[in-house]
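Visitor: I would like to learn how to read the backbone and packing features of a model. Please take them one at a time.

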Amino acid sequence: MTDIKILLSEDEIPTQWYNVIADMPNPPAPVLGPDGNPVSPDALMAIFPMGIIEQEISSERWIPIPEEVRDIYRQWRPSPLFRARRLEQLLDTPAKIYYKYEGGSPAGSHKPNSAIAQAYYNKQAGAQRLATETGAGQWGSALALAGRMFGLEVLVYMVNISYQQKPFRRSMMETWGATVVASPSDQTESGRKIRKEDPDSDGSLGIAISEAVESAATRDDTNYALGSVLNHVLIHQSIIGLESKKQFEKVADYPDIIYASCGGGSNFAGVAFPFFADKASGKEVRLIAVEPSSCPTLTKGHYAYDFGDTAGLTPLTKMYTLGHDFVPPGIHAGGLRYHGDSALVSQLYKEGLVEAMAVGQLRTFEAGTTFARAEGIIPAPESSHAIASCIDEALACKQSGQAKTLFFNLSGHGHFDMAAYDQYASGQLEDFDYPEESIKSALESLPKVG
Ligand SMILES: *Cc1c(COP(=O)(O)O)cnc(C)c1O
């Protein structure tokens, strides 16, 4: 009998996070200021605490997890690794399928892994308030929870379309005590500018980031927190892959292919990078980031320096981008609608060390429904991107008779996304392929560097 849930005890929660920079063949491209010169760490001090800045620029392989952070992680970690035996049966595949389930956190996704750490370092540095943005609401929920746990006020700029579509995500943040504002708002210069041009703007993550950064930069008691993309967020999320490696050891197995949905990259990096350490020392393992075909940052974007936000308040990062003024189609995987991607994920993809795929919206809901009917858990639409690619490979294994070991991160549950499942079930969902002209025209909006 094989175990269905491969579990670790609380004392097996890793004591250190992993930083992939130590194992990358080439150093990361520098982050540049508006003058085209590398940004000094001091320049970040207006909006980030020192503990976070140190991690952002660190090239140490191992970074200690503070005891206070590990102690809160124990509230839901270690998360279970499941053997998807019922899905394997349903697909009639010789492949072995495993998934790590991050939906058991209070906020329902992997995002609290970084939110808790960020709130901790901000509290340490004496901040009283955190400003952030949220697209689908998962990151805002995670930071609202983390702020509550460390006694910090939290202000969330929520992308207007989600604010309208997902009132219960807002209630959740407010229950934990956060203040939630629809973005673009009239509280910031960046928000007012957009509203003047388009009073009914749906908003976008890029716009909401501009608002949050502006509100942190203009108040001494307020710092900024970002839920993905940056190196320190990827470091915090490595807890997922580190635990997974211990769990695979327990069952004497090891993945051939790892799938994770990819928005800004912290979910993919979190599960995959600890395995990259083995790949860097010669082990064969494929790491695949799966993104929506409506926001095909890695698979169709440009590898270039670009801003992280719409108003151009952030430093310039070399990354795959669809252009910082990208406004994505209103697909339901709201957590994957960012114009750019992590610099580290982008560089490893450019160098051919990790792979990427894009999947259409309808296929992801089909895969999510198949998964729910086999395994019970209703996945977040974001997570269903990884599920769709994993199912495709399991079916290919059926054709070829190969018994590969497949692994994906089930980054969250879909309990707040049932309206989207309803639309899928009643045939109202559509596929959006991001138009080639928009991809070309994005080139023109890229900032000139050098
Ligand atoms: C945010 C989110 C993602 C995407 O994470 P990134 O770090 O932005 O790539 C995936 N799944 C769920 C459930 C999320 O909330």
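Predicted model: local features only at pLDDT ≥ 70, side-chain atom pairs only at ≥ 80, totals over all residues.

Visitor: How many helices and strands does the protein chain have?

Guide: Helices (H or I, at least four residues) and strands (E, at least two) are DSSP runs, numbered from the N terminus. The protein chain has 17 helices and 15 strands.

Visitor: What does the radius of gyration say about the protein chain?

Guide: The radius is taken over C-alpha atoms, and the globule rule is 2.2 Å times the number of residues to the power 0.38. Here the radius is 20 Å, close to the 22 Å from the rule for 450 residues, so the protein chain is as compact as a globular protein of that length. Its C-alpha trace spans about 60 × 50 × 45 Å along the principal axes.

Visitor: At what angle do H14 and H16 pack?

Guide: Axes are lines fitted to C-alpha atoms, for helices over the stretch in contact, and angles run from 0 to 180 degrees between N-to-C directions. H14 (residues 361-375) and H16 (residues 418-425) pack at about 105°, their axes 11 Å apart. That makes H14 roughly perpendicular to H16, a label for angles of 65 to 115 degrees.

Visitor: Which residues meet there?

Guide: Contact means heavy atoms within 4.5 Å. From H14, Leu-362, Phe-365, Glu-366, Gly-368 and Thr-369 meet Ala-420, Tyr-421 and Tyr-424 of H16.

Visitor: Which peptide bonds and phi values deserve a look?

Guide: Most peptide bonds are trans, and most residues other than glycine have a negative phi. The bond from Arg-77 to Pro-78 is cis, with omega near -5°; Pro-78 sits in the loop between H2 (67-73) and E4 (81-83). Ser-183 and Pro-184 are also joined by a cis bond, with omega about 5°. Val-229 has a positive phi, near 70°, and Ala-252 has one near 50°.

Visitor: Is Val-229 buried or exposed?

Guide: Buried means under 20% relative accessible area, exposed over 50%, and partly exposed in between (1.4 Å probe, protein chains only). Val-229 has 12% relative accessibility and counts as buried, whereas Ala-252, with 73%, counts as exposed.

Conventions: Residues numbered from 1 in each chain as written. Heavy atoms only, no water. Parallel < 35°, antiparallel > 145°, perpendicular 65-115°, else oblique.
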